[in-house]
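Me: Please go through the labels used for this model. For each one, set the value against its rule and conclude.

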Amino acid sequence: MAAAGAKAGRGAGKAQGPGVALYAGIGPELVHFAPDVARGTLERHAALRLPQNIHYAWPDPQGRCLYVGTSEGFPGVPGVHNELHALRIDPRSGALSPHGAPVQLRARPIHLTLDQGGRHV
């Protein structure tokens with residue numbers, strides 16, 4: 001399971017101020033959740049299905065993109081289809097959408113990081 005979070009605007013009926021979008025990856029599915037602080041719950045929103053299992057996800061410093069590493073490999077078994085996906089984060093809702101074609105990687109992604117400006121993964 002991979003998880004990441006990013007700030008997003010709040011929808012109608014939510015508390016004032018910046019919101020938080022949470023993402024959880026189980027297998028190839030990346031699910032968007034929004035916390036409801038008043039009720040102490042997570043509200044499930046849309047899910048995005050990627051071609052392989054999600055191994056790691058990390059937002060850019062500005063919170064505009066979520067970078068997701070995927071592969072069908074696992075420890076001890078190299079993946080054949082190893083990819084890096086850039087997903088656009090909607091600034092109001094936190095919803096995810098593909099941002100360009102995935103980049104092929106030579107090996108299974110086990111960690112992602114970005115430079116301070118968010119220009120290099």
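**Labels and their cut-offs**

Me: Why is Leu 22 called partly exposed?
Reply: Its relative accessible area is 30%. Buried means under 20%, exposed means over 50%, and partly exposed is what lies in between (1.4 Å probe, protein chains only). So Leu 22, at 30%, is partly exposed. Leu 22 sits in strand E2, residues 19-26.

Me: What kind of model is this, and how are residues numbered?
Reply: The model is predicted; local features need pLDDT of at least 70, side-chain atom pairs count only at pLDDT 80 or more, and totals for chains, interfaces and linings use all residues. Residues are numbered from 1 along each chain as its sequence is written, and side-chain values use heavy atoms, leaving out hydrogens and water.

Me: What makes up the secondary structure of the protein chain?
Reply: Nine strands and zero helices. Strands (E, at least two residues) and helices (H or I, at least four) are DSSP runs, numbered from the N terminus. The order of elements is β-β-β-β-β-β-β-β-β.

Me: How many residues does the protein chain have, and what share of them is buried?
Reply: There are 121 residues, and 40% count as buried. In strand E3, seven of the eight residues are buried.

Me: Why is the link between Arg 44 and Glu 29 called a salt bridge?
Reply: The rule asks for a side-chain nitrogen of Lys or Arg within 4 Å of a carboxyl oxygen of Asp or Glu. The closest N and O atoms of Arg 44 and Glu 29 are 3.7 Å apart. That is within 4 Å, so the label holds. Arg 44 lies in strand E4 (residues 41-49) and Glu 29 in strand E3 (residues 29-36), so this pair ties together parts 15 residues apart in sequence. Arg 44 is exposed at 52%, while Glu 29 is partly exposed at 27%.

Me: How many salt bridges are there by this rule?
Reply: Two. One of them joins Arg 39 and Asp 36 at 3.3 Å, N to O. Here too the distance is within 4 Å, so the pair qualifies.

Me: Are Arg 39 and Asp 36 buried or exposed?
Reply: Arg 39 has 58%, which is over 50%, so Arg 39 is exposed. Asp 36 has 13%, which is under 20%, so Asp 36 is buried.

Me: How do you know that E2 and E3 pair?
Reply: Two strands pair if DSSP finds at least two bridges between them. E2 and E3 have five bridges and run antiparallel, so they pair.

Me: How many bridges join E3 to E4?
Reply: Seven, in the antiparallel sense. Seven meets the rule of at least two, so these strands pair as well. Glu 29 has Arg 49 as its bridge partner in E4. Four residues lie between E3 and E4 in their hairpin, where Gly 40 in the turn has a positive phi of about 70°.
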